[in-house]
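Here's a quick tour of a few local spots. Have the coordinates open as you read.

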Amino acid sequence: MQEQIGKRLDSLRRRMKEADLDWYLITGSDAHMSEYVAPHWRTREFITGFTGSAGTVLVSLDGAWLWTDSRYFIQAAHQLEGTGVSLMRMGVEGVPEPEDFVMDNATRGQRIGTCAQEIGIHEFDRLEKAYARHGLAFVATEDLLDQVWSDRPALPCTPVRQMPVSIAGMDSMHKLSLIRSRLAASGCDYTLISTIDDIAWITNLRADDVECNPVFLSFMFIDQEKAVLFTQPERFSDTILDSISNVFRVRPYEAVYDDLASLAHGRAYYDDARVNCRFRDILTREDGITGRDFSTDAKACKNPVELEGMRKSHVMDGVAFVNAFSQVDFSLTDGTYDEIAISSLFAAERAKMPGYLGPSFNPISGFGPNGAMCHYSASAESNARIDRPGLLVLDTGSQFEYGMTDLTRTLLFGEATPEQRRDYTLVLKGHLALARQRFIQGTRGYQLDILAKMFMWKEGMSFYHGTGHGVGFNLNVHEGPMRISANPIDVPLEVGMVVSDEPGIYKEGRHGIRIENLIAVKEDGETEFGRFLSFETLSLVPYERRLIDTSLLTAEELSQIDSYHSRVREALYDKVDAGARAYLERMTEPLAV
């Protein structure tokens with residue numbers, strides 16, 4: 001692989017010289033600024049060998065660098081070794097951002113290029129201005145990797161399927177009306193939506209263009225009279241085309257770049273962080289307004305039908321978990337089990353659940369030191385055998401017809417060390433503190449982030465990934481705009497939003513611990529001081545009781561765990577296999593004496 005990466009970099013540099021470029025920026029995104037992309041757009045992986053879902057690549061005529069975040073530091077160091085690509089650890093003191101690195105190392109008059117389709121308008125404008133102040137030119141180009149990547153996968157075109165209103169809770173005409181009313185209130189005449197999970201939500205259509213994400217490549221134009229969906233028409237059956245014909249019409253995917261010029265009249269409303277730079281000249285020709293897509297906020301607050309589907313999904317996940325792990329002998333540390341076997345066992349039980357469609361992301365199953373890589377994914381080469389006592393971090397999720405899950409449990413094989421029990425209990429205390437918090441309307445996620453970290457901070461520990469991300473409804477496992485993290489995102493938590501609660505501790509070379517439930521924002525009364533909200537825990541899976549040090553828990557925390565376990569047992573007992581009931585009872589016994 002190292003030799004292949006070197007040849008690819010050399011070939012790209014030749015194309016850069018032909019285009020009169022001194023630097024080339026690779027965002028690793030697609031034409032929709034998606035987090036997870038189809039194979040056609042896995043440019044980051046192609047040019048560096050790094051397979052993580054986040055990172056920026058910078059290539060010069062004599063060097064190459066990858067910036068990625070703390071989730072991937074260990075993984076990236078392994079995958080970049082010997083490739084000639086240097087790892088830049090984002091967030092670490094002394095490590096500059098990519099643009100600062102260029103400005104520190106480029107000479108005046110040099111040119112930096114990037115693919116116009118793979119950078120948002122806002123980011124392009126920001127970088128163009130920043131580089132210009134240093135006498136550098138930032139230019140949007142055609143995709144240079146197209147000339148390097150000879151066997152590049154084609155654009156995906158998987159069949160679409162319709163989600164019935166009985167599951168979606170709202171038809172697409174109603175959703176379009178909601179967007180049009182907000183469009184009118186903004187004073188704009190039309191909107192272009194590029195966010196593909198938003199478009200799937202608006203249309204109540206799903207497909208499989210991106211692994212684990214039931215979406216399809218598309219753009220959508222909406223004004224007060226018409227809606228046009230730009231995607232490959234051949235993905236539709238005649239039946240579906242007939243059913244949507246009175247709501248929106250379908251045009252070919254690539255036609256959007258030509259059609260928009262004639263469709264767009266008046267002021268545009270668009271999300272300049274998600275709309276790619278090829279649309280820049282059209283959308284900025286009048287005094288348009290930029291902001292988050294109206295559909296993003298509407299989609300984030302699940303309607304009652306969607307919430308009920310999410311609850312059902314978590315019951316199914318809980319049943320699968322108990323059925324799977326009642327079969328495992330956790331005292332065995334002789335190599336009987338391995339990382340892939342454990343995740344595959346859970347996946348096999350999930351597949352038996354009614355309405356199961358597949359995983360919501362590729363499983364994370366990391367034993368021992370591998371668990372310290374918080375987004376590690378076991379492969380045939382790395383698959384660790386459980387051949388000694390230790391912890392296994394299992395982070396998996398399910399797509400159901402009626403909802404979605406994302407769950408992490410840390411499993412103990414053999415006997416725990418005092419350090420492992422202490423670390424697990426500190427993570428659990430933060431997890432519980434966030435889940436039980438009552439908060440006033442208008443609270444942002446970053447205002448709650450400390451709850452998940454305060455106990456480990458007291459012990460001189462922390463974690464650096466987000467505490468909670470938004471979760472879609474039979475859509476993307478990571479969904480905005482809300483988030484619980486140290487990043488001050490100005491989005492209040494609102495009723496119906498579903499977020500994760502997933503603190504962790506990661507000790508390189510030793511072990512990782514993460515506990516994750518999904519929680520939904522709900523009403524929690526009104527006082528003279530205002531309206532209050534709290535969380536409903538959706539996930540229904542026991543904690544690893546053998547890792548809980550009850551001496552570190554308060555009476556409130558013990559009661560919270562026991563109450564949760566009682567709820568888990570009640571919800572699952574009649575649904576799990578008869579042979580799994582003893583395991584369920586044992587895992588949900590009261591801790592409090």
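This is a predicted model: local features need pLDDT of at least 70, side-chain atom pairs count only at pLDDT 80 or more; totals for chains, interfaces and linings use all residues.

Residues are numbered from 1 along each chain as its sequence is written, and side-chain values use heavy atoms, with hydrogens and water left out.

**Two residues**

| Residue | Helix | Relative accessibility |
|---|---|---|
| T425 | α15 (residues 418-435) | 0% |
| R569 | α17 (residues 555-572) | 25% |

Helices here are DSSP runs of H or I, at least four residues, numbered from the N terminus. T425 is buried (under 20% relative accessible area, 1.4 Å probe, protein chains only). R569 is partly exposed (between that cut-off and the exposed class, over 50%).

Leaving out residues up to four places away in sequence, T425 touches L547, I548, D549, L552 and L553 (contact means heavy atoms within 4.5 Å). A polar atom of its side chain sits 2.8 Å from the backbone nitrogen of D549.

**A helix pair**

Helix α13 (residues 304-325) packs on helix α14 (residues 339-350) at about 130°, axes 8 Å apart; axes are lines fitted to C-alpha atoms over the stretch in contact, and angles run from 0 to 180 degrees between N-to-C directions. On the α13 side the contact includes D317, F321 and F325, and on the α14 side I342, F346 and R350 are among the residues involved.

Notes. Helices (H or I, at least four residues) and strands (E, at least two) are DSSP runs, numbered from the N terminus. A polar contact is a pair of N or O atoms within 3.5 Å; within protein, one must be able to donate a hydrogen and the other to accept it, and residues adjacent in sequence count only if both atoms are side-chain atoms.
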